[in-house]
Amino acid sequence: MRHRDDVLAGEGLLPVLPALQALLPGGGLHRGSVVTSEDWGLLSLALLAGAVADGAWCAVVGVPMIGMRAAAEAGVDSDRVLLVAEPGPRWPQVVASLLDGFDIVLLRPPDQPSASLRRKLEAAARRYGSVLVVAGDWPGAQSRLLVTDVEWTGIGAGYGRLRARRAHVSASGRGAGERPRSAWLWLPGPDGAITLAADRAVAAGHPAGLEAGRLASSG
Amino acid sequence: MTRRGPGAAPPRVLVLRCPDLLGEPGPEYQQDQEGSAAARAFEPVVAIVERFCPHVEVLRPGICAIPARGPARYFGGEAKLAAGLDAAIRQGGFSCQVGVADGLFAAGLAARTGPEVVPPGQTPEFLSRFGVGVLGMPELCELLPRLGIETLGQLAELPPAEAASRFGPPGKLACRLARGLDPRPLIPRPPAADLSAAMEFDPPAEQSEPVVFTAKTLAGQMHDRLAAAGLTCVRVRVDVRCADGTEISRLWRHDGLLSALAVAERVRWQLDGRDSPGGITLLRLVPDQLARATGRQLALWGDAVVSDRVARAAIRVQAMLGHERVVRPVQAGGRRPAEQVQLVPFGDAGTPQRPANRPWPGQIPAPAPATVYPAPRPASVTDSSGAAVSVSGRAGLSAAPALLAVDGGPVSPVTAWAGPWPVTQRWWDPQQACRQARFQLVTGDGTAWLAVLQDGRWLIEARYD
């Protein structure tokens, strides 16, 4: 039970948002590990939020289209974020340099990295005790999060507006005894925050009044 | 430099400011010294000034100073020197203001307000009419008027010792400035120990990255030596020697306020502005004009204090990619998602042009989209019959949107939509005015989009994912 030891060690784990704790082994991001979300999106930002709120520094590489307001609403303080939108052809060196210094590096690889390159960056993360969060495919990642089902509320055919999104997020991991886990999240909730949602409730397509009531009760 | 006692009038100084290349307006003296891209823009001006006097001191981007006595003698008087310099700078395509007076502070004010030349000995009189606000010391400037001291003239009449005991080190400094003296008495002779730090490069460094990286280490050594001697330096001289023997020397304002990283940044600016034929063989940092350290501490690098390790990683990546490509996001105000952030190069001070803490009516309510395209992507939005959806001048919709194709991609059905929300922006400015109708669209795969219709074209500004 490697994870348990790390948790006991204390500093081996970066905190995550309460909503994501159940999805990650040990309830946080293990220093020296690689975590992926399927593609760039709010889930990638959500993975950073807990650690940044705890004072971690974070670098975001290869994401020119990052929505900083969404990041702020999710809890990522922009004062602790550094952006390298266009890392160029030498992006692996850029990422390796940032791993030595930043607690978390969020990477959207500009091209598919080879297995040897991946191993080098994994080794860099381990050496410096930082976490590599990848928005994209990364075989060999310790944890993989995936949005499998989404449902917007608050918007209909010509009325309302986007208010919140219920998303089913499933997690899988590497290593023995790792059971797949999943949860329904508000990704994002009505104020942009990311919280746990109740299990699948009513089906889509209800009137606006009911919608509002559901949002209020989701708290 | 001639030796002077603490009460002697400071030497004649010429200050040149380029208002176009300055950051925010404000008192020059002691303004925050964070770097900016302006430093690079200022480099050609410095090169012109160097033709008049080799000892150019860059106070901060947009403002530089030279000792006036020698060049004035050569060019036939201070007025002629000022006029010649002014003409040369204007010929180079920059606007500028020049001022000559006793000491840097007065010369800076003279450049800002005129007259161009304050005759020798008349500096205290020239200063006396200014309000204490020009000192640029917010706390003191608030306190002094309440005590009935509103002008520098009144401040200069206070007995120096009394002012020092009442207002502490800042008061002492303010009094010296008001009386037309140098802010801190300079230590007349450099101490015996060499406080400079140098590094030779063998083989010569072809690129600026390793030099800038070394500069930070050297600056740390220099600061340590200064601190050990209880000193601080007013300026730091950066000497760079190239393989072909040319030396590029530049003075940078320091005032004990620069971190090692900030010194390294100035070395980068100095290198960026020039070619270094054959590579760089030597980098030397020399503290110039030593003064006693009074123990002032300042937070550098914006709001959060960056840990050394983080700063080192960031500057290393800047060395690889260039200064502007490693940025901090700063929240800014605006209605469009792409306007709501301003990117500031790491190490520069950033104040958003559009403050975020103002009401921006018409901005998109929370939740915000996680993907904001730097340039909006073209799209086609059609109704069920395949005709493009349009909006009339009175925000009437031609038909319900049924199909969306982004950037020539696959067509997906629109399952839910809301809008149009008309936005009329900056109608008072023909350059920036725009009229848009905004929509939120949800497609079959559950992705939500922020779309705008502008001049009959559909654009996708952001994606909720």
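Modeller: A definition to begin: two strands pair if DSSP finds at least two bridges between them. The model we are looking at is predicted.

Colleague: Then which residue is the bridge partner of Leu441(B) in strand 15 of chain B?

Modeller: Strand 14 of chain B covers residues 434-443, and strand 15 of chain B covers residues 448-454. They pair in the antiparallel sense over 6 bridges. In strand 15 of chain B, the bridge partner of Leu441(B) is Trp449(B).

Colleague: In what order do the 6 strands of the barrel in chain B close?

Modeller: The pairing in this barrel is antiparallel. From one strand to the next, the twist averages 40°. The 6 strands close in the order 11-12-13-14-15-16.

Colleague: Chain B also has an open sheet of 8 strands. Which are its edge strands?

Modeller: The order is 4-1-3-2-7-6-8-5, with mixed pairing. An edge strand pairs on one side only. The edge strands are strand 4 and strand 5 (197-205) of chain B.

Colleague: By what angle are neighbouring strands of this sheet turned against each other on average?

Modeller: Take the 8 strands of the open sheet in chain B. Direction is ignored, and the average is 25°.

Colleague: Which residue of strand 3 of chain B stands opposite Leu16(B)?

Modeller: Strand 1 and strand 3 of chain B run antiparallel. 5 bridges join them. Opposite Leu16(B) stands Cys64(B).

Colleague: What angle does helix 3 of chain B make with strand 4 of chain B?

Modeller: Helix 3 of chain B spans residues 78-91 and packs on the sheet. It touches strand 1 and strand 4 of chain B. Its direction makes an angle with that of strand 4 of chain B of about 155°.

Colleague: And what angle does helix 9 of chain B make with strand 8 of chain B?

Modeller: Helix 9 of chain B, residues 208-228, packs on the sheet as well. It touches strand 5, strand 6 (231-242) and strand 8 (280-292) of chain B. With the direction of strand 8 of chain B, its own makes about 30°.

Colleague: In the hairpin of strand 2 and strand 3 of chain B, which residue takes a positive phi?

Modeller: These strands run antiparallel, joined by 3 bridges. Glu57(B) stands opposite Ala65(B) there. The hairpin has 2 residues between the strands, and a positive phi near 105° is taken by Gly62(B).

Colleague: Which residue of strand 7 of chain B stands opposite Val58(B)?

Modeller: Strand 2 of chain B is joined to strand 7 (residues 247-253) of chain B by 2 bridges. These two strands run parallel. The residue opposite Val58(B) is Trp252(B).

Colleague: How many residues of helix 4 of chain B are buried?

Modeller: Helix 4 of chain B covers residues 104-113 and has 10 residues. Its buried residues include Leu104(B), Phe105(B) and Leu109(B). They pack against strand 1 (12-17), strand 3 (63-67), strand 4 (97-102), helix 5 (123-128) and helix 8 (160-178) of chain B.

Colleague: Which element gives the largest share of the largest nonpolar core?

Modeller: That core has 196 residues. Those with the most contacts inside it include Ala46(A), Leu48(A) and Leu14(B). The largest share, 9 residues, comes from helix 3 of chain A.

Colleague: Is Val84(A) buried or exposed?

Modeller: Val84(A) lies in strand 5 of chain A. Its contacts, leaving aside neighbours within four places in sequence, include Val61(A), Val94(A), Val317(B) and Leu321(B). A residue needs 20 or more other C-beta atoms within 10 Å to count as buried. Val84(A) has 28, so it is buried.

Colleague: Which helix of chain A gives the most to the side that touches chain B?

Modeller: In the contact between the chains, 45 residues of chain A meet 43 residues of chain B. On the chain A side, 24 are nonpolar, 11 polar and 10 charged. The most, 5 residues, come from helix 4 of chain A.

Colleague: What is the mean pLDDT of chain B?

Modeller: In chain B, 83% of the residues reach 70 or more. Over residues 24-36 of chain B the pLDDT is below 50. It is also below 50 over residues 295-304 of chain B. The mean for chain B is 80.

Note on methods. Residues numbered from 1 in each chain as written. Chains lettered and ligands numbered in written order. Predicted model: local features only at pLDDT ≥ 70, side-chain atom pairs only at ≥ 80, totals over all residues. Contact = placed C-beta atoms within 7 Å. Helix = DSSP H or I, 4+ residues; strand = E, 2+ residues; numbered from the N terminus. Nonpolar A, V, L, I, M, F, W, Y, C, P; charged D, E, K, R; others polar. Axes fitted to C-alpha atoms, helices over the stretch in contact; angles between N-to-C directions. Core = buried A, V, L, I, M, F, W, Y, C linked by C-beta atoms within 7 Å. Buried ≥ 20, exposed ≤ 12 C-beta atoms within 10 Å, placed from the backbone. pLDDT = per-residue confidence, 0-100.
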